[in-house]
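Open the model in your viewer and keep the sequence panel beside it. This tour goes from one selection to the next.

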Amino acid sequence: MIRGEPLLRRFRALSRLCIEIGNQHVRCVRTFSVTDAINALRPFYLAVHPDFFGQHPREREMNENSLKKLNNHLQCLQHPGHRAPQPTKLTFYVRETAGNAGAAQGMNTPGFRAVSFTLQTQDLLGTVVNILKSCCLSIDHIQDSKAAVDSPHQNGSISFSRPIKWDKTYYTFTGYRDPEEELDSSRQLEPILGMWLNKNVSLALKRLSVSLPLREDLKNLKTKLCEQLEVTDIRWRKSWGIAHRCSQLHSLSRFAQQNSAILHNIKEHSGMNAAGQIMLGTVDVHQHWTKILERLPTYYDLHSQLCMLEERISFLLGDVELIYNEDLQPSMMLEDYYRMLKTFHQSLVVSRPLFHPRSLKGLQMILEKGSSAPTLLKTGQLRVPITCDPSALQWFILSHTQTARTYLRKEEELKIQQEKLIKVCIEQFFLKRLYKEQSVSSEQMVESCKRLLEEPTELPRMHLCISHFYSVLQDGDLCIPWDWKQ
């Protein structure tokens, strides 16, 4: 029979051994945590985040879908005891940076490139390194962590063949973070709409009250300048704040007073970009604006030639309508767009595709640079690269004509429904304004408005923007994702 005291000593010795082995295992397994993975992938998220592809709907949709698959894969790796994830092939469009500009590959578009890779590693660190290397992004910031995992026997650490699922009391006793709790916390990061509004409405009202005088000043100054310059509208390509816009219009007003003779060109001619709009850079000095406006008359003939070229292409393609829409394609200057149309027209003249006159009237086509395959957008437009073979183009158009017409009718119906729902929401919630970001489709906006009408909330005199994320803008506009959690 063993007395109690020796038994207690043996139990304490065994406990110290278990704790020591456990600590050594944690030094090995927990070297690269969930937080480390998020920080390590930050350059990747900045390079592929869909919000940076607002003018490229196809690439934005590709990145959104790939990110969902990537997040699911990472969750499988982060969750202890979860079944091993299956190999997954992903494609991302990566924005060009100084560090990866030299790695451009085949199916590229100016400003970004397509990258494909397969997720097949079964550990978190290996997956992160694979993603960064595939996108030609630096892994220097995780080299130390990688070395620690690759050398588990250093500093007396012990390696195990499989991860151990510890009891909750272990994390309470040692102070280490519980991966299951981290996973649950990450899932709860996205707030619920009602709770987020209750927390942020007061901040939005405070910022909105500060911006109201500036909004009125901007409205009056814009009306005055439009009348003075005899233009229909003054718009901004970027979402500048109200104060910044006021500053820009004051600068334009001073320029107009000092250069009234040069500004006469604006009244007679249109054009600098492909849409026929005069483009003035907000960071340019007045001398540069002067040079641009002095050259406006030379763009008049070029714009007329561009219109005639569009008519010729339309005639060769059965009266399909060529459109230039900055919401659906990158911004392009007039000279570049003219050269692109000319190249496309020459290829059609050499090998004329066979279309009956007016057989494609009502269809819309968007031309783009590059050598990708022609596609049909969900909004109904035929997106065609200028290098597309005419015979392949003919087959593509004929096989997608009916679907394109269906999509166009659906998009038109969605826009009408969208306008009606916006008016209803403004009346029901006493909103000052309800609008959406360009990257939010009409279908998403309609769904968002319908769900919004089911929410028991009031937003008196607020400016509400339907976006892809939660935010309170500097001028008091509330941004909410179109697919918020209820």
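Select what covers the buried residues of α16: the cover includes α9 (193-229), α15 (390-429), β7 (433-436), β8 (463-467) and β10 (478-481). Contact here means heavy atoms within 4.5 Å. Helices (H or I, at least four residues) and strands (E, at least two) are DSSP runs, numbered from the N terminus.

This is a predicted model: local features need pLDDT of at least 70, side-chain atom pairs need 80 or more, and totals for chains, interfaces and linings use all residues. Numbering starts from 1 along each chain as its sequence is written, and side-chain values use heavy atoms, without hydrogens or water.

Now show α16 itself, residues 442-453. Its buried residues (under 20% relative accessible area, 1.4 Å probe, protein chains only) include Met 445, Val 446, Cys 449, Arg 451 and Leu 452. Stay on Arg 451: it lies over the face of Trp 484, 4.4 Å from the ring centre. Such a charge has CZ of Arg or NZ of Lys within 6 Å of the ring centre and within 35 degrees of the ring normal. Arg 433 lies over the face of Tyr 435, at 3.8 Å.

Next, the rings. The whole structure holds five aromatic pairs. Phe, Tyr and Trp (six-membered) rings pair with centres within 6.5 Å; planes under 30 degrees apart are stacked, over 60 edge-to-face, the rest tilted. Pick Trp 196 and Tyr 470: a tilted pair, 4.8 Å centre to centre, 40° between planes. Trp 196 is in helix α9 and Tyr 470 in the loop between β8 and β9 (471-472), so the pair ties together parts 274 residues apart in sequence.

Finish at Phe 44, Tyr 45, Phe 92 and Phe 117, a cluster linked by ring pairs.

Terms used. The expected span of a helix is 1.5 Å times one less than its number of residues. Buried means under 20% relative accessible area, exposed over 50%, partly exposed in between (1.4 Å probe, protein chains only).
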